[in-house]
Amino acid sequence: MNANPAYNHEHIVHRIGWLRAATLGANDGIISISSLLVGMVSSGAAAPVILAAGVAGLVAGAASMAAGEWVSVKSQADAEEAELALEQRHIDNNPKQELLELQSLYQKRGLPENLARDVAVALTKHDALGAHAQDELGITLHSVAKPMQAAFASALTFTAGGVVPLLVLLLAQYQTLGSKATVFTLAGASVVTLFLTGAAAAKVSNARVLRAGLRVALWGTVSMGLSALVGLALDVKL
Ligand SMILES: [Zn+2]
């Protein structure tokens, strides 16, 4: 707490975690679905086939993002849980060594021996596991990984991103526009959307806006270019 009202700078580090995840999910959705659609349109497939592929891709992508995120966050949570259980056993079995360990950590950070000892004793009394978790293992107990939440958020953000190129395809009137114009419309809309999500994420995290936007847009362009080549090579005409 700070009594001085002028000293009120908010740190954005805590926001960056979920923001990064949300942007990554949305970018994934935009890049993979627009690339899928560009590839399908380039192949000469009929509009209903392209639409079906797009919707299937959206569902498959959201499910795979959720599964991947769940597995990754769950294994992190399991590892943290095991580490904490081990640490709790150490604290129960060797309280004296654990206290010394904590003290030496604070001495290494710059506290004089007596003060480090006092801090270690006080924190051990207050919450021994919490102190060891945070200062020895780098785990904060209130920020332990949540797999279901992460899985749901990934699926949701992927879908939000992937819906954009699908809507563009629906609105573009593929039949009357022809495949070339449709590819350029899709690619253009996706590049702009990617630039905007990249730039918005950078803006909120105080990073360089233009560079971040261009970076994502470039990767999207490369991905759609590759898909277009594959589509042209397949040339299914159905
Ligand atoms: Zn310890």
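Mentor: One term comes first: contact means heavy atoms within 4.5 Å. Keep in mind also that this is a predicted model.

Trainee: Leaving aside neighbours within four places in sequence, which residues is Ser 227 in contact with?

Mentor: Ser 227 sits in helix H8. Its relative accessibility is 19%, and buried means under 20%, so Ser 227 counts as buried. With neighbours within four places in sequence set aside, its contacts are Ser 35 and Gly 39.

Trainee: Which residues touch the most other members of the largest nonpolar core?

Mentor: That core has 23 residues. Helices H1 (13-42), H2, H5, H7 (179-204) and H8 (209-234) each give two or more residues to this core. Leu 37, for example, touches Ile 50, Gly 54, Pro 165, Leu 166, Leu 169 and Leu 186, not counting residues up to four places away in sequence. The members that touch the most others are Leu 37, Val 41, Ile 50 and Leu 186.

Trainee: How many residues apart are Glu 87 and Glu 136?

Mentor: Glu 87 belongs to helix H2 (residues 47-93) and Glu 136 to helix H4 (residues 113-137). The pair therefore links distant parts of the chain, and the separation is 49 residues.

Trainee: Is Glu 87 buried or exposed, and what does Glu 136 count as?

Mentor: Buried means under 20% relative accessible area, exposed over 50%, and partly exposed in between. Glu 87 has 3% relative accessibility, so Glu 87 counts as buried. Glu 136 has 30%, so Glu 136 counts as partly exposed.

Trainee: How many salt bridges does a search of the whole structure find?

Mentor: One of them joins the side chains of Asp 78 and Lys 74, at 3.6 Å from N to O. Another joins the side chains of Asp 135 and Arg 109, at 2.7 Å from N to O. The search of the whole structure finds two.

Trainee: What separates Asp 78 and Lys 74 along helix H2?

Mentor: Asp 78 is partly exposed at 36% relative accessibility, and Lys 74 is partly exposed at 30%. The two are four residues apart in helix H2, so their separation is about one helical turn.

Trainee: How far does helix H5 reach from its first C-alpha to its last?

Mentor: Helix H5 covers residues 147-171, which makes 25 residues. At 1.5 Å a residue, the expected value is 36 Å, and the model is close to that. After H5 comes Gln 173 with a positive phi, near 55°. From first C-alpha to last, H5 reaches 36 Å.

Trainee: Which residues does UniProt list for "transmembrane region"?

Mentor: In the model, residues 150-171 are 100% helix, with end C-alpha atoms 32 Å apart. Residues 183-204 are 100% helix, with end C-alpha atoms 32 Å apart. The unreviewed UniProt entry lists residues 45-67, 150-171, 183-204 and 216-234.

Terms used:
Residues numbered from 1 in each chain as written. Predicted model: local features only at pLDDT ≥ 70, side-chain atom pairs only at ≥ 80, totals over all residues. Heavy atoms only, no water. Buried < 20%, exposed > 50% of the residue type's maximum accessible area, 1.4 Å probe, protein only. Expected span 1.5 Å × (residues − 1). Salt bridge = Lys/Arg side-chain N within 4 Å of Asp/Glu carboxyl O. Core = buried A, V, L, I, M, F, W, Y, C linked by side-chain atoms within 4.5 Å. UniProt positions renumbered as here; feature names shortened; annotations may be inferred.
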